[in-house]
Amino acid sequence: GAVFAHKAQCKGASANWIVKKVGEDIADCGYAGSKICIRSDQEPAIKEVVSKVMENRTGATVPEFSAVGDSQGNGAIENTCRRVQGMVRTLKCTIESKTQIEVTSKHAIFGWMIEWSAQLLTRFSVRPNGKSPYHAIKGRESHRPIAGFGETEFCKPNKTSSHPRAKI
């Protein structure tokens with residue numbers, strides 16, 4: 001149920017960063033060396049990305065392609081794409097109203113907006129079982145406060161815990 005979205009400049013795996021990023025997304029979910037199944041449609045550009053991801057992974061990867069013309073086979077993915085697009089539109093309107101600047105798809109912030117939209121859906125959407133996709137991956141809900149998209153944080157509160165998370 002986790003959602004990952006990235007802005008690609010072109011279709012296919014001609015940009016190596018997209019293949020690397022998909023591999024990182026798979027690893028972030030805890031499946032770095034595990035056997036996984038990648039589902040996609042028959043679009044040649046997507047098939048190219050899937051094959052490159054399969055080459056770069058250490059774990060076994062099984063591709064599963066939906067049948068040609070089977071619009072219901074990708075229903076969940078299409079629904080997720082619509083949810084990400086809606087969240088991007090919401091963030092875009094928020095940024096434009098706060099800054100009085102028009103944000104186009106070529107704007108530098110647009111790529112960040114797409115990734116943040118997917119993260120918001122992963123972290124805060126609630127499944128029928130009452131848990132978020134983040135909870136399913138990490139085993140706990142995220143209680144860390146976050147700033148709104150585009151906001152600036154000038155200071156970070158001191159940790160009051162007796163068990164610091166890291167040395168730095």
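1. Helices (H or I, at least four residues) and strands (E, at least two) are DSSP runs, numbered from the N terminus. On that basis, the protein chain reads α-β-α-β-α-α-α from the N terminus on, with five helices and two strands.

2. A word on what you're looking at: this is a predicted model, where local features need pLDDT of at least 70, side-chain atom pairs count only at pLDDT 80 or more, and totals for chains, interfaces and linings use all residues. Residues are numbered from 1 along each chain as its sequence is written, and side-chain values use heavy atoms, with hydrogens and water left out.

3. Now the overall dimensions. The C-alpha trace of the protein chain spans about 50 × 45 × 35 Å along its principal axes. Of the 168 residues, 27% are buried (under 20% relative accessible area, 1.4 Å probe, protein chains only).

4. Have a look at helix α3 (residues 75-99) and helix α4 (residues 109-124): their axes come within 9 Å and cross at roughly 120° (axes are lines fitted to C-alpha atoms, for helices over the stretch in contact, and angles run from 0 to 180 degrees between N-to-C directions). The contact (heavy atoms within 4.5 Å) involves Arg83, Val84, Met87, Val88, Leu91 and Lys92 of α3, and Phe110, Met113, Ile114, Trp116, Ser117, Leu120 and Leu121 of α4. Sorted by class, that contact has 10 nonpolar, one polar and two charged residues (Ala, Val, Leu, Ile, Met, Phe, Trp, Tyr, Cys and Pro count as nonpolar, Asp, Glu, Lys and Arg as charged, and the others, Gly among them, as polar).

5. One more on contacts: in the protein chain, 62% of those with a separation of 6 or more are between residues 24 or more positions apart.

Technical notes: Buried < 20%, exposed > 50% of the residue type's maximum accessible area, 1.4 Å probe, protein only.
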